[in-house]
Amino acid sequence: MYQTTYHRPATLAEARSLASEMSEAVYMSGGHTLIPAMKSRLAAPEHVIDLRRIPEMHGISVAPHNVYIGAATPHATVAASREVRGAIPVLAGLAGSIGDRQVRHVGTIGGSVANNDPAADYPSAVLALGATVHTDRREMAADDFFTGLYETAREPDEILTGFSFPIPQVAAYAKLRNAASRYAIAGVFLARLTDGTVRVAVTGAGNDGVFRPAVIEAALSADFSPEALDGIEIDPAGLMSDIHATAEYRAHLVVVLAKRAMQNPGAAVVLR
Amino acid sequence: MARISIEVNGKQHEREVEDRTLLVHFLREHLGLTGTHVGCDTSQCGACTIHLDGLAVKSCTVLAVSADGAKVKTIEGLARDGRLHPMQEHFRLHHALQCGFCTPGMIMSAIDLVQRSEGELDEHGVRHGLEGNICRCTGYHNIVKAVLAAAEEMDRAKLSIAAQQG
């Protein structure tokens with residue numbers, strides 16, 4: 001790791017002013033993507049601004065129609081939260097399926113969503129549930145937030161502070177994990193919202209990161225049942241091909257996972 | 001450089017460290033606590049697992065400076081009055097180590113797993129709970145046996161403490 005200077009602001013204002021004063025500064029939350037990237041010298045920020053001591057970044061609260069989760073909340077906290085388990089059980093299940101126990105104790109929802117890794121779990125939940133992304137200066141709809149591979153609509157000095165997830169009628173998640181890296185080869189999050197809208201998001205498979213598969217959404221909007229997916233095919237164009245799976249394999253897998261999710265409402269199903 | 005103060009195994013340590021120093025290197029090189037190992041150095045293998053403010057974490061993926069003010073427990077801090085922690089004792093009894101390299105991390109993870117598990121642990125729960133720890137000798141069979149036996153003893157100890165406290 002190259003030399004860096006660490007900062008631990010106590011307020012959002014302090015964090016922002018540090019970021020604007022310093023060149024080559026990055027925000028850090030759990031650091032479980034950033035620190036490995038710095039160790040391998042893929043990232044070499046001159047300044048690291050740790051956001052975890054800022055009170056506004058924490059907390060889980062449930063309102064009648066939504067669940068709010070502070071951006072610096074670790075995955076293990078979401079997974080164990082009675083409030084989240086009660087309101088959106090699949091969200092707790094998804095959080096409990098990320099990485100391993102030790103990683104879940106440190107990695108955070110805000111870090112995962114801001115990083116927008118094409119194989120990360122949380123972006124699919126944020127997009128499928130149509131969550132609102134809260135920052136230090138605005139609120140953004142999930143549909144406007146994810147803009148490409150590791151790319152989001154976040155400004156360089158903007159701080160994600162939390163996420164507001166609408167409580168759906170029903171939602172589910174299914175993924176196939178790579179046995180070595182534990183990242184999703186593909187993952188499908190689907191939800192039927194209270195107004196009956198069906199939203200589906202796919203992670204791990206898209207060349208441009210998380211996306212909504214129109215054909216699956218159309219099929220489930222017409223008939224919200226596992227059988228509605230029989231005979232549905234996804235176009236492999238635009239899907240990732242790598243040493244783990246071809247685009248054709250992923251196209252097939254996405255439909256299989258959508259069906260598994262439909263068969264297990266409320267659950268986060270992990271295939272390995 | 002930063003001046004940090006960390007409580008490790010009940011003892012307060014103040015040291016000057018580079019901001020880039022990883023917690024595992026702080027423990028091993030600055031404090032000489034070499035029981036915590038560096039295996040993969042990529043957050044995969046779990047050999048560097050310690051308890052940071054009571055949670056099992058991979059100390060190769062934490063900056064020492066970010067642990068300023070925290071409480072750390074390492075494998076060296078488990079034994080009491082010359083007696084091994086039940087998890088250490090059951091690893092010994094069940095021959096749960098072959099080369100021993102993964103053992104400190106396995107034990108720190110397993111203690112966290114037992115302390116935090118809801119309900120009774122079974123074999124599947126132990127295997128799933130230890131997925132962040134890799135044994136290069138593939139000696140998982142006896143590791144699982146040791147953790148299950150230690151879990152039983154730790155639960156019994158908890159019950160008897162609760163009974164004594166009335």
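The model is predicted. Chain B brings 23 residues into contact with 17 residues of chain A. Helix H10 of chain A has a buried face, and B:Ala151 is a buried residue of chain B.

**Helix H10 of chain A**

- H10 spans residues 214–222 of chain A, and its buried residues are A:Ile216, A:Ala219 and A:Leu220.
- Viewed down the axis of H10(A), these buried residues fall within an arc of 90°, so they line one face of the helix.
- A:Ala214 and A:Ala222 sit on the other side of H10(A) and are exposed.
- The cover over the buried residues of H10(A) includes strand E12 (184–192), strand E13 (198–203) and helix H11 (247–263), which belong to chain A.

- B:Ala151 lies in helix H5 of chain B, which runs over residues 140–164.
- B:Ala151 counts as buried because 24 other C-beta atoms lie within 10 Å, and the cut-off for buried is 20 or more.
- Leaving out residues up to four places away in sequence, B:Ala151 touches B:Val114 and B:Leu121.
- B:Ala110 is 41 residues from B:Ala151 in sequence, yet their C-alpha atoms are 8.8 Å apart in space.

**Where chain B meets chain A**

- The contact involves 23 residues of chain B and 17 residues of chain A.
- On the chain B side, strand E4 (55–58) and helix H3 (103–116) are the elements that give two or more residues.
- E4(B) gives the largest share of that side, with four residues.
- By type, the chain B side has seven nonpolar, nine polar and seven charged residues.

Key:
Residues are numbered from 1 along each chain as its sequence is written. Chains are lettered from A and ligands numbered from 1 in the order in which they are written. This is a predicted model: local features need pLDDT of at least 70, side-chain atom pairs count only at pLDDT 80 or more; totals for chains, interfaces and linings use all residues. A residue is buried if 20 or more other C-beta atoms lie within 10 Å of its own, exposed if 12 or fewer, and partly exposed in between; C-beta atoms are placed from the backbone. The arc is that of the directions from the helix axis to the C-beta atoms. Two residues are in contact if their C-beta atoms, placed from the backbone, lie within 7 Å. Ala, Val, Leu, Ile, Met, Phe, Trp, Tyr, Cys and Pro count as nonpolar, Asp, Glu, Lys and Arg as charged, and the others, Gly among them, as polar.
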